[in-house]
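The following paragraphs walk through a few residues of one model. Please keep the sequence and the coordinates open while reading.

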Amino acid sequence: MKLNVKTAQRTIHAALILSAISPIFEKIDVLFYSFFFLFIILFITVLVSVIKVYRENPENFLKLLFTSPRENLYFIFICAVGIVVGYLMENSNHIITWSVVLGVTLLMMLIPTKKKAE
C-alpha cells in the first residue's frame, strides 16, 4: 500500500469520524472494546502515514495542514456529526470539543494559500 498525502488525509478522516460517533458505543461493552481496538489501529496508521509523508517530502506535510475546500467540507461534516451526537447523548464535553474543532476548521479556511501556476 502506497502511503501518500491522500491516504493520510483519508485515514485521519476515518479516525475523526470514529471519535465523533464514539459516545454512541460507550453503553455496550462489546461494541465499545471493538470500537476502541479499531480506533487504536487507525491512530497508529495515522501516525505511521504522517511520519512517512513527512520523511518523503516535508512540503507534503504542509499539505496535510492546508487542505483543499473539499477536505474542509469533510471536516465540517465530521464536526457537525460530532456536535449532533454530543447533543443527542447529552455530553457537553463532546459538544465543546467538536465546536472548537469546527471553529479551527473555519479559521483554517480563511488562511489564504498559494495557487500553483498552471
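Apart from its neighbours within four places in sequence, Thr105 is in contact (heavy atoms within 4.5 Å) with Asn72, Phe75, Ile76 and Cys79. The model is a predicted one, in which local features need pLDDT of at least 70 and side-chain atom pairs count only at pLDDT 80 or more, while totals for chains, interfaces and linings use all residues. Residues are numbered from 1 along each chain as its sequence is written, and side-chain values use heavy atoms, with hydrogens and water left out.

Thr105 belongs to helix 5; helices are DSSP runs of H or I with at least four residues, numbered from the N terminus. Its relative accessibility is 7%, so Thr105 counts as buried (under 20% relative accessible area; exposed is over 50%, partly exposed in between, with a 1.4 Å probe and protein chains only). A polar atom of the Thr105 side chain lies 2.8 Å from the backbone oxygen of Val101.

Glu71 sits in helix 4, residues 69-88. Glu71 counts as buried because its relative accessibility is 6%. Sequence neighbours within four places aside, Glu71 is in contact with Lys6, Gln9 and His13. With His13, the side chain of Glu71 also forms a side-chain to side-chain polar contact of 3.2 Å (a pair of N or O atoms within 3.5 Å; within protein, one must be able to donate a hydrogen and the other to accept it, and residues adjacent in sequence count only if both atoms are side-chain atoms).

Glu90 is placed in the loop between helix 4 and helix 5 (92-110). Glu90 counts as exposed because its relative accessibility is 74%. Although not a glycine, Glu90 has a positive phi of about 55°. Most residues other than glycine have a negative phi.

Note on methods
Helices (H or I, at least four residues) and strands (E, at least two) are DSSP runs, numbered from the N terminus.
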